[in-house]
Amino acid sequence: MKLAGEYRFEAPVAEVWSALLDPIVLAAVMPGCEKLELVDDTYVGDLNIKVGPVQGKFHGKVNLSDVEAEQGYTMKVDGRGAPGFVNATASVKLTPEGDETKMEYVADARVGGRIASVGQRLIDASAKAIINESLEGLNANVKARANVAEGQEAEVIKASQTEFATKVAKEVAKDLIPPPVRTALIVLALVGIGALIYLLVR
Amino acid sequence: MPQLDDRKEHHSELADGVSAQVPTTDEVQIKTPENIGGMGHRKKRKEDPRFLQGKGNYVDDVKLPGMLYMDIVRSPYAHAKINSIDASAALEMDGVLAVITGEDLKAAGDLHWMPTLMSDTQMVLPIDKVVYYAQEVCAVIATSRYIAADAIEQVFVDYEPLDAVVDPFEALKDNVIVREDKEEKTNHIWHWEAGDKAETDAVFNDAATVVKEKMYIPRIHVSSIETCGMVANYNKAREHMQIYMTSQAPHAHRTVFALVSGLPEHKIQIISPDIGGGFGGKVPVYPGYVICAVASLVTGKPVKWIEDRSENLQADSFARDYHIEAEMAADKDGKITGLRVKTLSDCGAADAAANPSKFPAGLYSICTGSYDMKAAHVEVDGVYTTKPPGGVAYRCSFRVTEAVHMVERMTEIMAHELGEDAADYRLRNFIQPDQFPYKSPTGWEYDSGNYEAALKKAMDMIDYRALREEQKEKRAKGELMGIGISSFTEVVGAGPSKDYDILGIKMFDSAEIRIHPTGKAMARFGTKSQGQGHETTYAQIVAEELGLPADDIEVEEGDTDTAPYGLGTYASRSTPTAGAAAVMASRKIKAKAKKIAAHLLEVGVDDLEWNIDRFQVKGSSDQAKTIQEIAFAAYTNHPQGMEAGLEAVDYYDPPNLTFPFGSYICVVDIDKGTGEVKIRRFVAVDDCGHIINPLIVEGQIHGGLTMGLAPAMYEEIVYDENGQNLTGTLADYLLPTAVESPKWELGKTITPSPHHPIGAKGVGESPTVGAPPAIANAVVDALWHLGVRHVDIPITPPKVWKLLRDNGVTD
């Protein structure tokens, strides 16, 4: 499975870079992350992943290489658990753009086990949702960090499971229903609800 | 062949001596009145009341006091080294009693390996590496099913991934060796051929037209409604192992268990209760069975193991997976002269196919089908890959489906290439009725057939010529309509003991009939129904022969303690073998009944004649004794010097296989926008010889056609390049339901088997074999004018849409 994309953080590159290396922030923003610690040069943690009907805990290691401060790194992820395994290599590149920071990422992941055989149709959507949710969480945190006064500690903003579930549903809908139809469906649904309310209150 | 001659002598006075060809008819023969319900009556199935009320008794219904439950930890990798297995967290859980690993089985007497039916070996549980995705790694034994399921998630296995080899052509390069336990470090398992190579090459050299095509018959799964499972109940005090098991061949399994475990065979009882569909998938011995039996042996308690749906789809034996390269030759008149076939059989990580021992590629050499040709040569190579082992005969007689698909596609291609009508081309290339018994170029002796009659009937039923006219008109308007034909020949009922055995056990089958004093009867068989309706059809055979009402005959199968030894039910063999044994046992009983009747009527045996349900004095029908009166006398007033009782056993070794056949015609319309194939009509004319119960035969054909539609349009087990199964649930592994199934229009011709005692042939599998090429031929027929020569099954909308796009029909 190949994933690629870019994201714009509303914070300077220094904030983004430090957050990207901070296990506490990362743990907070990744949906399902129960624990993330830096042990020697390796991030070690537990991640609860839910893909369609399959869910379970993955125990994973993340190694960073080619680390170039405020520019990017390559990370190797090795996660295993009862639902299967994930092996991934991802490279992350940061470019400052004024007060904002552009992030580009390319990842190649191999997913196996029950999570792949049972959740096949949902893996792409779930992976995209995990990445988007994490990046948005990260953005909220770096924004908060950039805005706190000198000497004060920024509060870590945590990820919400409900929001994550909505995101997965959105990603699935994107894959299944082409955009014009989707808009039409939403319009139809709104008209239907409107009509229902009208009938009820009449 | 002394054995065969012995058999003939033994049965000579019982068989009617039919061996001449019997002309084809289309009327079902009925000789008994409805209250007796012998052959030809549309009797409702005796087993249905319990099935329809949810009162069947399946393995998962078995609940024994103190029963433990097993669940299996399976590999997430297709190929990986096992560094360690840490079961400590699982063992700490309340209710977890044991975790069984390969090391444990090794210590228990090298039980970590087992033989396959093809004399290969297969891991029960691995010690150093796994060789396919979802392979059994270790098993948890717990006090409840739920605890067992939770506990498998607490077993931590440290794998070191190795490169997988998924493509059999890649496997032949031996860059990755699947079976490092073997002496020879190669993935090539066996090479097998049939037919005369030199003669075939000569025919091809002289050919006016040669067509060539590559096709893939994809890996599919039987996906029976009931998954596999077992309850093993070892009684330490009695040193007795009682096993409830989803088994199509309980006796053969008992012998295998005795040989593998070392337990004495008389201390093993295998009970195969109601079975929710077998289709070949319940013939092999799976690792789960062995582990479950060992678990009971070790704990001394009953242990239950039932697969879940995904385990069943991912780890149990697959079917098909043949990569075929075929060539067909025709002379200047367009007559088919030869067939040359090379095939790669992807066996997975072990050769665990369910073929008779001497046939590594099953009966694949039947591939010249219904066509008379001078020469044929077939080569097949077996290859290991890092995928689950298997190669079962999914509702067919050992690779006949692959053979029929290939020859029906090739004949179709040849007809199109020569610009001939597909039906007319078949009619002039068929083996003709007067050529039977027909010796095929690959060595088969077809017992009987009338292919022309079946195809002509199908053409009449569907109004073939009118359809061709309609197709012409539609094509002029740019609409895509196709007509596909399949005129298949099956080869079933294995089989004569000189050629057919499984692990050395000859493939006869058996019947034991006991008539009780009140004229009711118990009949037991070595086969095992999985939905075929044996309880009804066997009773009808006995009713036909002995005149006892079919409703007065209780049919029992599946308990090795009570049933006579037999090789089980698969390959449409029940009627050809055990059905024939039922006839022979009945005739043995009848011979004794005649003596008792003579004694009762105080006449000589030769003065009596049989009349439906009684012996009567010739020319004086009021002097008669019914079979019920005779049965009572057998226990109350039997002649001096004669053994009391009225019962018989027969072990029937058929002199040849039977060759059911048929012609199917399918009409499809293709949606140019979406590539969706709609089956507008499907006519199926089957010939299975004399029909025992038309209702059951029609039911079998309906089910079989739907199971033929499945691989033609939906089913395929898909792996990614790492050997990861991508079709692990029924959401991705697609099965047709009533919604997807067209209306099946059935017709029949009846060409009795000349060597079977009641002229029957077996029918359960014909439609599964015959349907896929009819559908594929129809699709190609609709697209041929666009330049499409072949499309591999399953024919999915994306596949057709891509063909349409590539040929400029849609964008």
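Modeller: In chain B, helix 12 (residues 422-429) packs against helix 13 (residues 451-462) at an angle of about 160°, and the two axes lie 10 Å apart. Angles over 145 degrees count as roughly antiparallel, so helix 12 of chain B is roughly antiparallel to helix 13 of chain B. The crossing of helix 12 of chain B with helix 13 of chain B is left-handed. On the side of helix 12 of chain B, the contact is made by B:Ala423, B:Arg426 and B:Leu427. Helix 13 of chain B brings B:Glu452, B:Leu455 and B:Met459 to this contact. Sorted by class, the contact between these helices holds four nonpolar and two charged residues, and no polar ones. All of this is read from a predicted model.

A second pair in chain B can be described in the same terms. Helix 15 (residues 534-546) of chain B and helix 16 (residues 574-601) of chain B pack at an angle of about 35°, with 9 Å between their axes. Helix 15 of chain B passes helix 16 of chain B in a right-handed crossing. Among the residues of helix 15 of chain B that take part are B:His534, B:Tyr538 and B:Ile541. In helix 16 of chain B, those that they meet include B:Ser574, B:Gly579 and B:Ala582. The contact of helix 15 of chain B with helix 16 of chain B has seven nonpolar, four polar and three charged residues.

Two further helices of chain B can be followed along their length. Helix 18 (residues 694-713) of chain B has 20 residues, which at 1.5 Å a residue should span 28 Å; its end C-alpha atoms are 28 Å apart, in agreement. Of those 20 residues, 14 are buried, so helix 18 of chain B is largely enclosed by the rest of the structure. Helix 19 (residues 766-783) of chain B, with 18 residues, reaches 27 Å from its first C-alpha to its last, close to the 26 Å expected. In helix 19 of chain B, 18 of the 18 residues are buried, so this helix too is largely enclosed by the rest of the structure.

Chain B also meets chain A: 12 residues of chain A are in contact with 12 residues of chain B. On the side of chain A that touches chain B, strand 6 (84-97), strand 7 (100-112) and helix 3 (114-147) of chain A each supply at least two residues. Helix 3 of chain A gives the largest share of that side, five residues. By class, the residues of chain A on that side are four nonpolar, six polar and two charged.

Methods: Residues are numbered from 1 along each chain as its sequence is written. Chains are lettered from A and ligands numbered from 1 in the order in which they are written. This is a predicted model: local features need pLDDT of at least 70, side-chain atom pairs count only at pLDDT 80 or more; totals for chains, interfaces and linings use all residues. Two residues are in contact if their C-beta atoms, placed from the backbone, lie within 7 Å. Helices (H or I, at least four residues) and strands (E, at least two) are DSSP runs, numbered from the N terminus. Ala, Val, Leu, Ile, Met, Phe, Trp, Tyr, Cys and Pro count as nonpolar, Asp, Glu, Lys and Arg as charged, and the others, Gly among them, as polar. The expected span of a helix is 1.5 Å times one less than its number of residues. A residue is buried if 20 or more other C-beta atoms lie within 10 Å of its own, exposed if 12 or fewer, and partly exposed in between; C-beta atoms are placed from the backbone. Axes are lines fitted to C-alpha atoms, for helices over the stretch in contact, and angles run from 0 to 180 degrees between N-to-C directions. Angles under 35 degrees count as roughly parallel, over 145 as roughly antiparallel, 65 to 115 as roughly perpendicular and the rest as oblique. A crossing is left-handed if the near helix is turned anticlockwise from the far one by less than a right angle, and right-handed if clockwise.
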